[in-house]
Amino acid sequence: MTTVTSSSGKAEPVTVRRTESSDAQQICKLITPAAVAVFGRVNVIHLLEKANLAVTLNTTKNQILAHAAFLDHPIGDLVDEASWEEFLQAHFDGSKFTPLNTLFLHLFVAQSSLLSLAFHFPEPALVGIFEPMPCVKEGVQCAAFVCHRHNYCPRLHVRRARVEDHDDLTVLLPEQTKALAGSYGPYFLAELIEAQDEMNHVAVCENEGTAVGFMSVSGDVNLELLIQCFELGPFNGLLKENPVDQTVDPGQTPMDTPTEEDTEAAESQNHLINSESKEVTVKPQLQNLNISFIPIRAGTKDCAGSSMGSEQAQSSNAFCIQLFAIDKRFEVRPIPPRDFCIISVPKLAPEFPLLQTFLRAVPHRSSSLPQELYIFHRSGLLKTLQVRVPVCDDMAAVQRLVQKLNLHRAVVEDLDTFFKARRDPDGTPVQAFVAEAEGQVVGIVIIRNEQDIEYIRANYNIENFVYFSHYQREEHGQLCHFTLNPIFQHYAKHFLKEALRLAHKSCLYYPVYPPYYRQRNASAHSVMAVLNCMVPVRPRRQIVYPLEELDINAPSTLITREQVPYALNHINRKLTMEPKVSINARIVVVGASDVGLAFLETLAFCPHLRFNNLTLISTHGLPGSHSISVLFLHSHCYSERDHALLSLRSWVSVVTGKMTVINRASKHVQVSGGRIVPYDHLILCTGQQYQIPCPTGIDISKQSSMDKVPAQPRHKRYTGHVPSNFFTLNDQHDCAQASRWLLDNFVEQEGNAVVYGDSTDVYSCVEMLLCLGVRGSRIHVVHTLADKPTSCFQNPAVDQAVRNALQNKEVNVHHNCLLAQLNDGQHPEPLKAVSFTIDGPPLRLECAVFFNFSYKGVDSDAFKAINDACLVFDGRLVIDTTFHTNDCTIRAAGPLTKFARRYHADQWSHVNFNSKEVGQELASVLLPFFDPTLEAPANPTPDLDHLIPTYTQPKTEGGRLPGGYSYLHQIKDLVCALQGRELVTGRVETGNYFHLQFNSQDLVEGITCLFLKSLPVSNYICLYGKHQLLLNRLYERFDGDLVHDFYSYFRERWCMALFHDRFADFEQEVRQIMESTKQGRVDDSVSIPKLAEMIVDGTWEVPADPSLYLNQIFEQSEGPQGLKRSVLDYLKYNKYHLPMYAQPGLL
């Protein structure tokens, strides 16, 4: 933010930011006839969609003062956008203008009073800023003007540092000087400058005689440490190649050894690249100094702590930046004598401008260094990178470029297809482009026309990034391959921008398929490096359409057809010049629960942030890797399809194992197997799992039938041997393992299956056994001692239906049982018999397989790690309202936790709430610490600090139950719920039971379904929170005996809009219209809601019924017209999903 003064003398703070689509209306008001004369008639929305860079100058009240839009090709249709270089060179003196250093102004508007100040323009007209370009050819039908960057951004002079620079440098970094002076003395800068030798150099850059930048470099680098801790294979280990091993084609210069002429040309052209670089604004405290706190010089210790020498088998080819400082107005990039420049920065330090041209080295899994390593090659300074269409002679160079890639054959075959036919075998057009530097091919990109535009628009939130109405079908492309030499990785977005321009595309998409799907290019590793340039696109929740009822009014088959689910990544012209904020903080999530996955999803799908160190510690890795469905009731937070659509594996490193130790002092977690996982922020989301019950050890042979069942003992940890046929199902991996065992060892053999527990998962497990063909008489359901007399289903009708189904299938059911012995106290492997104490004669059952659902609790290993780390544990891990434990770097959420006793809310915990919503809230608490667009949360006042957070989403449970029932139960777990009406259709006996529970405000607050057919779960979940009037006046229809079956009722055409994923946004828009509507009879400043509040309070008297009076007032206002427009716009914009609704002009 800065302050400008208008021609009238008024000073006002202003901000320069990227233009948003919502600014279009204000920009249109600034367009004058003079602007039209220069730029022509402009469709602002269309221009903003296609602009590579659009910036806006606005006030603190968001009033736009000026706007400029830049594209990578000239305005108008005088020349094709892919051929403007040749045009400029042929008609103007434009040999110095390349796509790498040139943008074209397509619109500039500003308020007249600030025209001389907007964007630091010195004169009130563009003529004073842009210079005419001399023509070299007569008869040119246009004029060209140029504005050189160096006229407004000064070039810096770089020289060797002198002791006389000390005073300027101490002013440049005052805070850091004080910090370092305490360790190295008050004159450490002067001593550092004086100590320069062949291996240590200090340089300053100055502007008008004043030092504005400082860099200290050293050639003494501990390469063994770096090779051990980072993946440096693509950089030859930062070592110089042996001249004997080097093979250079005749007449060709290797890219890693540019000639002296190339270096001199680069220096003279780029002036240390400062004059051509883009200025980036960062926070002042982050841009001044960056120090390698972990030394990377020779003689230091490695990751394991052993001493390492400085001798290398090959000579070092890198130097390190030890100390770097730069004034925020400038940016410098050095040209050192060695090939590689490296710098290590603390993981918690945000990325500063210098690092945007460096490539982050991927750390090894065993690395525990609290630093990130960035690498830059001297050839990356070359400004001769050119993107062009490949020719057949490039095939050999491309083969050498991709020969080490996993899919190198696919790249070569697709390039060969391009050379031969320019089309895929299915007829889809294919385009290819190569990046060339100094005559060598350093990159290749292959794209094809995107054929599934309708499917992408309907199934992904792509419209968060583009407006489809402003794009032609041919402007969408699919990225098939992308390969770029790591030396030029900082040019990746420029490579994509040029590919879009030359291919006449505006959008590129890249699908990432799940690991179980095998297709030729399903996991193109050649393109993974460019994912950091793209943005992940969230999938959209889909309506389950009753296609038979809709008939010809159903959506197009292009939308509804089944496809293999994939995660979608996207880039467009607007995003090619929009940098991401890199976050290197190590965020470690323990537990692949719904809470943990929702937390990771929220972070990974922030389009303007790039989290480089997201780690998940999970016993069986990320869920969704098994193609078999889960065999117990689930929460419907994440399905197997959801995991494929999100592809968190693309953004999250997964550590398979269990957390065993939390070392708060060293800030690391130890995983089973001994692996160390360091963290800066630790998130504990292990939840609660079914625990193996510890038998009481009572010998039932010595117990008479008159003995009473002993009291339920406190849950003890079972430490004995777990039999191979003893299964405790907690996740998808457990279910897949159990299913395979049953098919191999149980289904076609004899023996009993014992299912032990009293949860809803018991009945889902029984249904799984019945579906596998196991006779009901072989199944024994053994219920534990009930802590509560109520059924686990919380609905008597459902409970009775399941009991009847078990009885019809001849399933044996035993109540109030307590596990006494395994194999009569003998060694339990294999498990052949189990004994229980019950109310009456003891129970002994022959057992071929045992399924355990006895009780849920905190995992013993997790508890030990938490307890040994001295985290407060009071039955569960204690947290505050911001998810903090008693360690500020450790947060926790989910059923693992409970609120501290000071909140006096023991009856409330995260187990009462929707796990996905809890995980999203956890991410929203952490994001302000990393996202520069969000304000840091203020500390709550003492009064608010005692209030626990509230959540709005319900808990959902569903699956298969005995009898072939599909079951769905959704309710908000309120301690003091206000109950309203209950509406029920169907009966459990006929298999069409549907129960709706309303609260006192007539909002749906509970749904229970028991159906003999599959349920459209995603549709019914949308009913929660809807008013009965919104459900087509449900009370009135139900009381009039017009609704006999809710299943048929909610398959009717009128309700499809309720199930649409954007209906909630439409409701919010309608609510805003209602709240902003003013009534005109009394006072125009009084809104309808305010008037209703006055009537309720008695401060305004009405002559008739208040509801009728408010209806009359609203009908006489502008509200009905606003609502009508909103409804029609909603149906028109989502017509591809909702074609069953009539549109204006249809009839």
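A residue is counted as buried when its relative accessible area is under 20%. By this criterion, 52% of the 1147 residues of the chain are buried in the predicted model. The accessible surface of the chain amounts to about 54000 Å², and carbon and sulfur atoms contribute 51% of that area. Among contacts in the chain with a separation of 6 or more, 72% are accounted for by residues 24 or more positions apart. The secondary structure consists of 30 helices and 48 strands.

Gln979 has Asn999 of S47 as its bridge partner. The two strands form a hairpin in which 6 residues lie between S46 and S47. Within the turn, Gly986 adopts a positive phi of about 75 degrees.

Helix packing was examined for H28 (residues 1088–1097) and H29 (residues 1106–1115). In general, a pair of packed helices is described by the angle between the axes and the distance between them. For H28 and H29, the angle is about 160 degrees and the axes are 11 Å apart. Because angles over 145 degrees count as roughly antiparallel, H28 is roughly antiparallel to H29. The crossing of these two helices is right-handed. On the H28 side, the contact is made by Ile1088, Leu1091, Ala1092 and Ile1095; H29 contributes Pro1106, Tyr1109, Leu1110, Ile1113 and Phe1114.

Terms used:
Residues are numbered from 1 along each chain as its sequence is written. This is a predicted model: local features need pLDDT of at least 70, side-chain atom pairs count only at pLDDT 80 or more; totals for chains, interfaces and linings use all residues. Side-chain values use heavy atoms; hydrogens and water are left out. Two strands pair if DSSP finds at least two bridges between them. Helices (H or I, at least four residues) and strands (E, at least two) are DSSP runs, numbered from the N terminus. Buried means under 20% relative accessible area, exposed over 50%, partly exposed in between (1.4 Å probe, protein chains only). Contact means heavy atoms within 4.5 Å. Accessible areas come from the Shrake-Rupley method with a 1.4 Å probe; for residues, only the protein chains shown count as cover. Axes are lines fitted to C-alpha atoms, for helices over the stretch in contact, and angles run from 0 to 180 degrees between N-to-C directions. Angles under 35 degrees count as roughly parallel, over 145 as roughly antiparallel, 65 to 115 as roughly perpendicular and the rest as oblique. A crossing is left-handed if the near helix is turned anticlockwise from the far one by less than a right angle, and right-handed if clockwise.
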